[in-house]
Amino acid sequence: MTVLASSPSAKSRPKSNLPCLLCLHGGGTSAQIFAIQVGRLQRALAKQFRFVFVDGPFECPAGPGVLPFFEGMGPYRRWINEDGCDEDKVRPLLKKKMADDGGNFVGVLGFSQGARLALGLLHEKQENRAEAFNEFGFGVFICGTYPPLGLSSSLFPITPTAQFESQYWDKKHDSILNIPTVHVMGSRDPFLHKSRLLSQCSDPASTTIMEFAMGHAFPAAPADTQRVANKVIALYQNHRHEVDVPRVEQLGKEGGQVVVTAVPIQA
């Protein structure tokens, strides 16, 4: 089946003055596909944020679950090549997209492989690297996989062994990410264990973990989508105003459970 959709960067769409989220797609998809996948969340946040989508630099086969729904929407892309995340290609690509857009970027949102890269970008900021994306005040990770991707090989050296080493983070790093994040996971996701490992790279005191009865996808139920949207809004409000949010919240859900932890965040 072929899905027809206009490009997420179509010039026909007027830009707003809303704060922007840089959106990083999963491996084997594209910016256009990601705009469709994240559509429910984007609509739920339409009055708060503008979503800006960017294509990964490397062409590749379609990712898991992409076909047949997104047949004919290639080329499919990813953020890494055989040697890891190529800083010389990825960093200028992201910087140019943000500069050309001209928006006020406040956070980064990533799905699957894009979540790995998003966490790496936030960690660069935390380490005060000169080349870091200091615009980002928080991250939203949907069905993230593991380990994190860093644009600097000294930060996250990616090798075939490290990609599947469950204790990679503990062995390689003395600190974890304390920039606020939201990790959304699917209890039926075949990569759930990797999502949980990625969430362990964030400080429990500054992260939100939300698990829904779904696969490697976005929440489909309107109530679930709104719960995620509310947490993203809360992170942004805290980032700007140091607003207190509930420290622990339990949300009942048929077939699933949501566990939320959050703390006030310095702007």
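Buried means under 20% relative accessible area, exposed over 50%, and partly exposed in between, with a 1.4 Å probe and protein chains only. This is a predicted model: local features need pLDDT of at least 70, side-chain atom pairs count only at pLDDT 80 or more, and totals for chains, interfaces and linings use all residues. Residues are numbered from 1 along each chain as its sequence is written, and side-chain values use heavy atoms, with hydrogens and water left out.

View 1. Helices (H or I, at least four residues) and strands (E, at least two) are DSSP runs, numbered from the N terminus. Of the 267 residues in the protein chain, 53% are buried. Contact means heavy atoms within 4.5 Å. Among contacts with a separation of 6 or more, 74% join residues 24 or more positions apart.

**View 2. The largest pocket has a volume of about 770 Å³.** Of its 36 lining residues, Gly-27, Gly-63, Pro-64, Ser-112 and His-216 are the closest to its centre. Helix 1 (31-37), helix 2 and helix 4 each give two or more residues to the lining. By class, the lining has 18 nonpolar, 13 polar and 5 charged residues. Ala, Val, Leu, Ile, Met, Phe, Trp, Tyr, Cys and Pro count as nonpolar, Asp, Glu, Lys and Arg as charged, and the others, Gly among them, as polar. On a 1 Å grid over the protein atoms alone, a pocket is an open set of points with protein on both sides within 12 Å along at least five of seven lines, a cavity is a set where a 1.4 Å probe fits but cannot get out, and lining residues have an atom within 4 Å of a point. Points are joined across faces, edges and corners, and a volume is the space filled by probe spheres set on them.

**View 3. Ser-112 sits in the loop between strand 5 (105-111) and helix 4 (113-126).** Ser-112 counts as buried because its relative accessibility is 10%. Leaving aside residues up to four places away in sequence, Ser-112 touches Gly-26, Ile-142, Cys-143, Gly-144, Thr-145 and His-216.

**View 4. The largest cavity holds about 70 Å³ of space.** Its lining includes Gln-37, Arg-40, Ile-142 and Phe-218. Helix 2 (39-44) and helix 8 (222-241) each give two or more residues to this lining. The lining has 7 nonpolar, 2 polar and 1 charged residues.

**View 5. Helix 7 (residues 192-199) is mostly covered, with 6 of its 8 residues buried.** Leu-192, Lys-194 and Leu-197 are among the buried ones. The buried residues of helix 7 pack against helix 4, strand 7 (181-186) and strand 8 (207-212).
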